[in-house]
Amino acid sequence: MLKINLRQIEAFRFVFQTGSMTTAAKLMSVTQPAISRLIRDLEAITELSLFKRTGTGLSATQDAVLFYNEVERSFLGLNHVANAVLAIREKREKLIHVATTGAFAYQCFPHALTQFRARWPNVRVKLTVTRSSEILELVATRQCDIGVTVIPPNPPGIEFEDLPYFPVVCIVPFGHRLARNDVVRPTDLAGEALFTPPEKSLLQREISRTFERAGVPMNVMGEFSLGSAICEAVAQGNAVSVLDALSAKGTGYEKVVAKRFRPEIDFEPKLIFPAGIPRSKPMTAFAKTIRNRLKDICDTLG
């Protein structure tokens with residue numbers, strides 16, 4: 001295989017088009033001897049005689065004409081590739097696809113979007129609200145730019161950053177016997193009807209393990225993916241609940257009493273990104289607004 005480099009080809013094109021090594025040197029911001037050396041090296045590698053000196057300058061040989069035709073076809077292909085890259089980059093930087101669970105969509109996304117659009121008004125943001133397992137899949141398969149959720153250890157295909165963590169709390173109706181407690185433990189909830197996060201969620205599994213270690217059976221009466229639905233159901237006196245403080249802070253939070261749950265369980269969400277994909281400036285900025293918003297919420301919880 002001939003070891004022709006792009007610099008030699010560029011020199012050849014400019015000399016062919018201008019008929020002057022001096023002009024080609026100016027166009028490439030190099031010296032005239034540097035252009036001469038590039039052409040000489042190219043002729044040696046290709047074993048072609050490309051230019052002949054005449055009284056008025058340089059004259060392209062028949063070999064040079066045939067070679068130039070091939071070079072131009074290649075450059076058209078490179079231009080097409082370059083234009084495709086610009087189009088892909090422009091599309092990437094003008095659309096951010098975010099996937100979250102319901103709590104983040106309600107508590108975090110609207111405020112983060114307002115802050116983001118103040119700086120990036122021309123970037124469109126798409127939100128997908130779904131369960132954690134699907135968020136992981138969307139991000140790992142590069143169908144989504146940013147995910148916000150809890151994750152299992154070492155999930156494949158993603159990179160992640162820590163976010164502020166939230167405690168798990170117990171919420172009860174006003175007037176409930178546990179409303180007077182400073183903290184609530186699994187033993188306090190023996191026999192109580194419970195509403196919980198979805199069965200296969202990481203949080204529900206951790207809550208279940210806590211009850212098992214305490215030797216207390218969980219009396220699960222319903223599973224909800226939305227904290228606002230749990231709060232409203234608890235406020236109606238149907239049951240009590242154990243869930244993360246972020247989800248509990250949804251609509252209906254003012255209608256219930258939130259108590260510290262012991263032993264402590266931390267809800268530790270992450271910002272997740274497709275592995276190996278450079279992050280655009282808008283992506284980085286939007287991720288920062290999410291992090292700042294969650295920190296503000298966490299600070300209000302004390």
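Colleague: Which residue takes a positive phi just after helix 3?

Modeller: Glu47 does, with a phi of about 60°. Helices are DSSP runs of H or I with at least four residues, strands are runs of E with at least two, and both are numbered from the N terminus. This is a predicted model, where local features need pLDDT of at least 70 and side-chain atom pairs count only at pLDDT 80 or more, while totals for chains, interfaces and linings use all residues. Residues are numbered from 1 along each chain as its sequence is written, and side-chain values use heavy atoms, leaving out hydrogens and water.

Colleague: How many residues has helix 3, and what does it reach from its first C-alpha to its last?

Modeller: Helix 3 covers residues 32–46, which is 15 residues, and reaches 21 Å. That is close to the expected 21 Å, taken as 1.5 Å times one less than the number of residues.

Colleague: Which residues of helix 3 are buried?

Modeller: An α-helix has 3.6 residues a turn, so residues three or four places apart point the same way. In helix 3 the buried residues are Ala34, Ile35, Ser36, Leu38, Ile39, Leu42 and Thr46. Buried means under 20% relative accessible area, exposed over 50%, and partly exposed in between (1.4 Å probe, protein chains only).

Colleague: At what angle do the axes of helix 1 and helix 3 cross?

Modeller: Two packed helices are described by the angle and the distance between their axes. Here the axes of helix 1 (residues 6–18) and helix 3 cross at roughly 110° and come within 9 Å. Axes are lines fitted to C-alpha atoms, for helices over the stretch in contact, with angles from 0 to 180 degrees between N-to-C directions. Helix 1 is therefore roughly perpendicular to helix 3, a label for 65 to 115 degrees.

Colleague: Which residues make the contact?

Modeller: Helix 1 gives Arg7, Gln8, Ala11, Phe12 and Val15, and helix 3 gives Ile35, Leu38, Ile39, Asp41, Leu42 and Ile45. Contact means heavy atoms within 4.5 Å.

Key:
Angles under 35 degrees count as roughly parallel, over 145 as roughly antiparallel, 65 to 115 as roughly perpendicular and the rest as oblique.
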